[in-house]
Amino acid sequence: MEPGSGSGTDPPDPGASEGPPTAAAGAGEGSSSAAPLSRYESQKRRDWNTFLQYLKNHKPPLSLTRCSGAHVIEFLKYLDQFGKTKVHVTGCAYFGQPNPPEPCGCPLKQAWGSLDALIGRLRAAYEENGGRSESNPFGDKAVRIYLREVREGQGKARGIAYGKKKRKRRRPAAGEGSSRGEGSTGEGGGSVGGATA
Ligand SMILES: [Zn+2]
């Protein structure tokens with residue numbers, strides 16, 4: 001596959017697109033009879049190939065049938081090294097700031113939204129390639145939990161509240177504990193949902 005990508009260590013490109021890619025691919029590969037794949041379909045195919053490649057290079061080798069949710073999480077963590085999203089560590093002065101005034105040395109990771117979309121595509125690809133939905137590792141509960149943790153962690157680190165729409169905004173009532181959610185007094189990095197057990 002991938003002619004020309006040659007020497008070993010090319011980073012894979014999972015949904016690495018944090019913005020819509022402007023240069024549309026597909027000028028070339030039109031020789032196959034069918035209509036050109038949609039952007040989603042071709043991305044899904046690339047993601048699937050990336051994952052298969054990952055399994056192949058896995059030590060010890062891993063087959064798709066033995067792949068579990070834990071392996072999927074391992075894959076997502078592996079992808080972080082190719083990420084482009086700054087996620088501040090708790091000790092960073094810009095922790096919780098959406099727009100830091102200066103660069104810092106915090107690691108770059110895959111944005112939660114990218115991972116979430118990636119999992120959705122791989123989950124579909126798995127079943128399109130003959131996998132049974134009952135054993136779909138991408139639908140595993142552990143994966144869902146991991147993604148939720150990533151979302152909450154990145155939300156705090158980057159000062160972004162993801163998925164606000166799901167949650168009914170509660171009016172801060174007078175007697176409501178110590179959580180002054182909207183206060184922006186700079187403490188605690190905002191309560192994104194708190195610890196919902
Ligand atoms: Zn930082």
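Of the contacts in the protein between residues at least 6 apart in sequence, 69% join residues at least 24 apart; a contact here means that the C-beta atoms of two residues, placed from the backbone, lie within 7 Å. Buried residues, those with 20 or more other C-beta atoms within 10 Å of their own, make up 19% of the 197 residues.

A word on what you are looking at: this is a predicted model, in which local features need pLDDT of at least 70, side-chain atom pairs count only at pLDDT 80 or more, and totals for chains, interfaces and linings use all residues. Residues are numbered from 1 along each chain as its sequence is written.

The average pLDDT (the predictor's confidence in each residue, from 0 to 100) is 78, and 65% of the residues score at least 70. Over residues 15–31 the pLDDT is below 50, and this stretch has 14 contacts in the model beyond near neighbours in sequence. Residues 175–197 also have pLDDT below 50, with 20 such contacts.

Now to the fold itself. Four helices and two strands form the secondary structure, taken as DSSP runs (H or I, at least four residues, for helices; E, at least two, for strands) numbered from the N terminus. Along the sequence they follow the pattern α-α-β-β-α-α.

Helix α1 (residues 39–57) packs against α3 at an angle of about 80°, with their axes 9 Å apart. That makes α1 roughly perpendicular to α3, a label for angles of 65 to 115 degrees. Here Q43, K44, D47, W48 and F51 of α1 meet L118, R121, L122, A124 and A125 of α3.

Technical notes. Axes are lines fitted to C-alpha atoms, for helices over the stretch in contact, and angles run from 0 to 180 degrees between N-to-C directions. Angles under 35 degrees count as roughly parallel, over 145 as roughly antiparallel, 65 to 115 as roughly perpendicular and the rest as oblique. A residue is buried if 20 or more other C-beta atoms lie within 10 Å of its own, exposed if 12 or fewer, and partly exposed in between; C-beta atoms are placed from the backbone.
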